[in-house]
Amino acid sequence: MLRVPHARSAVAVIVAIALALTLPASPAFAASVPPKAGLVNYVGASTTSLTVDWADIPGATSYYVYAGTSHAQVTRPEHPVNQKTTTSKATVTGLKPGVAYFIQVRGVSSAGMGPRSSPVAHETITAQATLPASWPSYHAVSWNVCSNVCSGIASRKTVIDKRIAELAPDIVALQEASKYTAAPSGYRFAYNGQNDILIRTGRFAPVAAKSGGATSGATLFPSTYASAGKGMSWAAVRHSSGAYLLVVNTHLVVGTSTSVVRQREYEAGKLADAISATLTRLNKTHRSLTDWTKAPVIVLGDFNTHKSRTGDKTMAVLEQRGWHDAYDQARVLSLQHYNTANPTMSLTPFVSVTWGDHVDKVLVRPSRSVVFRWANAGKTAGGKWIGPLGSDHHPLSVRLGLR
């Protein structure tokens with residue numbers, strides 16, 4: 001004989017089922033699923049080590065860290081574990097200077113080993129200068145503000161100026177800035193044009209020009225293989241400590257066609273030539289101030305290339321001339337997976353897992369610099385950009401010492 005449950009009992013059963021469906025899985029159930037690692041971030045570097053961290057993985061009791069010098073090497077199933085850790089952070093040591101390393105992480109629990117994370121890559125620092133304790137450090141920002149191609153520069157300038165005030169850099173290099181004609185409060189133009197150079201009042205001052213000897217200017221590169229980019233601007237400035245510095249701002253040609261890539265590689269060589277020629281001219285006209293052939297130089301700009309692009313030797317050309325990306329030389333990194341370029345001005349970040357695909361760069365000479373920090377300086381909250389956005393790029397912030 002079939003028994004019909006009492007109404008109160010039936011309600012209890014329904015409630016129990018609902019709770020089972022809505023409450024989090026019990027630790028025993030969670031432990032039965034191997035832990036899956038999320039995005040791994042590089043947070044520190046030296047000439048012989050790289051430090052990574054990642055979000056804690058629920059249920060993981062330990063983590064395996066794999067390191068190799070190529071994507072193919074580190075992803076091989078038989079590739080050995082570099083180290084085991086019980087925390088969600090690891091420093092891989094014993095590395096060679098100026099070499100790119102790929103790192104993967106996987107969590108381990110009572111259910112076994114989870115899948116490996118996506119491989120992420122970064123270089124160890126090639127070299128660093130030895131700076132006296134009293135040596136000045138500089139905070140520089142590079143930002144493509146898209147004043148002539150993107151609409152609404154009048155309203156976006158308010159956003160740009162506010163972010164500059166919040167970051168309070170000593171040097172600001174703005175690309176695509178032909179319609180950016182008024183310096184924000186607390187700054188002045190060392191050069192105003194297509195590639196602006198701004199310096200912070202009280203921290204830097206322009207070097208005074210002499211008859212026959214300019215201390216700022218611009219150079220356009222020839223259209224040899226394709227239409228050229230926006231060339232470079234430059235300005236000789238004096239820091240409040242008395243140190244002299246040459247600031248260079250460049251915007252290389254954009255595009256990925258064979259002819260455009262060749263033009264960009266050509267412009268990279270012309271950029272290096274122009275920097276050397278500028279220092280030589282300054283030494284002839286302003287040698288009484290300092291030996292400009294040995295003066296510190298910082299190069300900022302939109303280089304329209306990144307490490308994930310194959311067949312593009314733009315950065316190789318510059319490295320052969322002694323100029324390295326501050327991203328590769330930074331002791332500390334922040335938001336390296338969020339692209340600085342944002343073509344659709346979306347509030348959802350473009351995430352590039354392996355390298356972080358940054359076309360915006362600051363270049364340094366490794367043996368004459370220390371890059372203390374590299375950061376994508378777009379404002380974020382909850383994994384989103386905070387609007388309104390100032391441009392289709394985000395500001396790149398670098399803190400460094402030069403000699």
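**View 1. Residue classes in the lining of the second largest pocket.** In this predicted model, the lining of the second largest pocket comprises eight charged, five polar and four nonpolar residues. Asp, Glu, Lys and Arg count as charged; Ala, Val, Leu, Ile, Met, Phe, Trp, Tyr, Cys and Pro count as nonpolar; the others, Gly among them, count as polar. A pocket is an open set of points on a 1 Å grid over the protein atoms alone, with protein on both sides within 12 Å along at least five of seven lines, and its lining residues have an atom within 4 Å of a point.

View 2. Helix H6 (314-320) and helix H7 (326-329) each give two or more residues; H6 provides four, the largest share. Helices are DSSP runs (H or I, at least four residues), numbered from the N terminus.

**View 3. The largest pocket.** The volume of the largest pocket is about 380 Å³. Among its 22 lining residues, His251, Val254, Asp302, Asn304 and His393 lie nearest its centre.

**View 4. The largest cavity.** A cavity is a set of grid points where a 1.4 Å probe fits but cannot get out. The largest cavity, of about 30 Å³, is lined by Pro296, Val297, Val364, Arg365, Arg368, Leu402 and Arg403.

**Notes.** Residues are numbered from 1 along each chain as its sequence is written. For linings, totals use all residues of the model.

Note on methods:
Predicted model: local features only at pLDDT ≥ 70, side-chain atom pairs only at ≥ 80, totals over all residues. Heavy atoms only, no water. Points joined across faces, edges and corners; volume = space filled by probe spheres on them.
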